[in-house]
Amino acid sequence: MRRPIVLLRSACLSLCLSPPVWAAPPPALLEQVQRLSELLRDGYASWYREATETQTLQPDAGQTLLLVLFTVEGFGGGNRHTQYLAAFEAGEGAGGKPYYTLLDVIAIGGKGWRAIEKLQARAARGRTPGEIVLSLPAKVVGPDDAPNFPGRPASVRLSLRDGRFSKQAGAR
C-alpha cells in the first residue's frame with residue numbers, strides 16, 4: 001500500500017518541477033499578425049514568427065482580450081528591428097469558428113531602445129470605465145549596453161481605452 005503513495009508523490013513532484021508548456025497561438029490569430037506585420041514592414045523587413053508570443057486576458061465577464069507581442073526585423077536591409085504589442089478581441093462567429101478583431105497596435109521596443117523579453121503583462125482596471133492599464137516588464141538600453149542587448153530593468157505602462165493604446169506616465 002505504501003508503494004502507490006510513493007509513486008504518486010514522485011509523479012506530482014515531477015509535474016511541479018517541469019517547465020510550463022505554452023499553447024501555440026491559434027492559426028487564425030497568427031494569420032492576423034502576419035497581415036499586420038505586412039503593413040508595418042518596409043520592403044526589406046519581415047515578421048519573425050518564432051518570436052511571437054500571446055497572452056489572454058479576461059478583463060470583464062464575456063470579454064476575451066488577446067495581447068500579441070511580435071517582432072519585425074531587417075528594416076532597411078540591416079539588423080534593425082521593432083517589437084510591437086497588438087491587442088485583439090476574440091469572439092466566435094457562425095458555427096463556433098473563432099475570429100480575432102484588431103483593436104490597436106503600438107511599437108513597444110526595438111534596437112537601441114528597449115526589449116520585452118517575455119510577454120507577462122499585468123492588467124488592472126483604469127480610472128475610467130472600460131479602461132485597462134497594462135504593466136509589462138522590460139529592459140532598456142543603458143550606457144554600457146550594446147544597442148541590441150538592453151540590460152537595465154524597466155517597466156512599460158500602457159492604457160487600453162476605447163480600443164486604443166496610450167502610454168502611461170512613469171513608463172520607460
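Biologist: What pattern does the protein chain follow along the sequence?
Modeller: In this predicted model, the protein chain reads α-α-β-β-β-β-β-β-β-β-β-β along the sequence, with 2 helices and 10 strands.

Biologist: And how much of the protein chain counts as buried?
Modeller: Of its 172 residues, 34% count as buried, while the protein chain exposes about 10800 Å², of which carbon and sulfur atoms supply 54%.

Biologist: OK, helix H2 next. What span should H2 have, and how far apart are its end C-alpha atoms?
Modeller: H2 covers residues 27-40, and at 1.5 Å a residue its 14 residues should span 20 Å, which agrees with the 20 Å between its end C-alpha atoms.

Biologist: Which residues of H2 are buried?
Modeller: Leu 29, Leu 30, Val 33, Leu 36 and Ser 37 are buried in H2, and because they cover an arc of only 120° around the axis, they lie on the same side of the helix. The face turned away from that buried side carries the exposed residues Pro 27 and Leu 39.

Biologist: What covers the buried residues of H2?
Modeller: The cover includes strands E1 (46-47), E2 (53-57), E3 (64-75), E4 (80-92) and E5 (98-110).

Biologist: Switching to Ser 159: buried or exposed?
Modeller: Ser 159, which lies in strand E9 (residues 152-161), has 2% relative accessibility and therefore counts as buried, being under the 20% cut-off.

Biologist: What does its side chain make a polar contact with?
Modeller: The side chain of Ser 159 makes a polar contact with the side chain of Glu 131, at 2.6 Å. Leaving aside residues up to four places away in sequence, Ser 159 touches Glu 131, Ile 132, Val 133, Arg 164, Phe 165, Ser 166 and Gln 168.

Methods: Residues are numbered from 1 along each chain as its sequence is written. This is a predicted model: local features need pLDDT of at least 70, side-chain atom pairs count only at pLDDT 80 or more; totals for chains, interfaces and linings use all residues. Side-chain values use heavy atoms; hydrogens and water are left out. Helices (H or I, at least four residues) and strands (E, at least two) are DSSP runs, numbered from the N terminus. The expected span of a helix is 1.5 Å times one less than its number of residues. Buried means under 20% relative accessible area, exposed over 50%, partly exposed in between (1.4 Å probe, protein chains only). The arc is that of the directions from the helix axis to the C-beta atoms. Contact means heavy atoms within 4.5 Å. A polar contact is a pair of N or O atoms within 3.5 Å; within protein, one must be able to donate a hydrogen and the other to accept it, and residues adjacent in sequence count only if both atoms are side-chain atoms. Accessible areas come from the Shrake-Rupley method with a 1.4 Å probe; for residues, only the protein chains shown count as cover.
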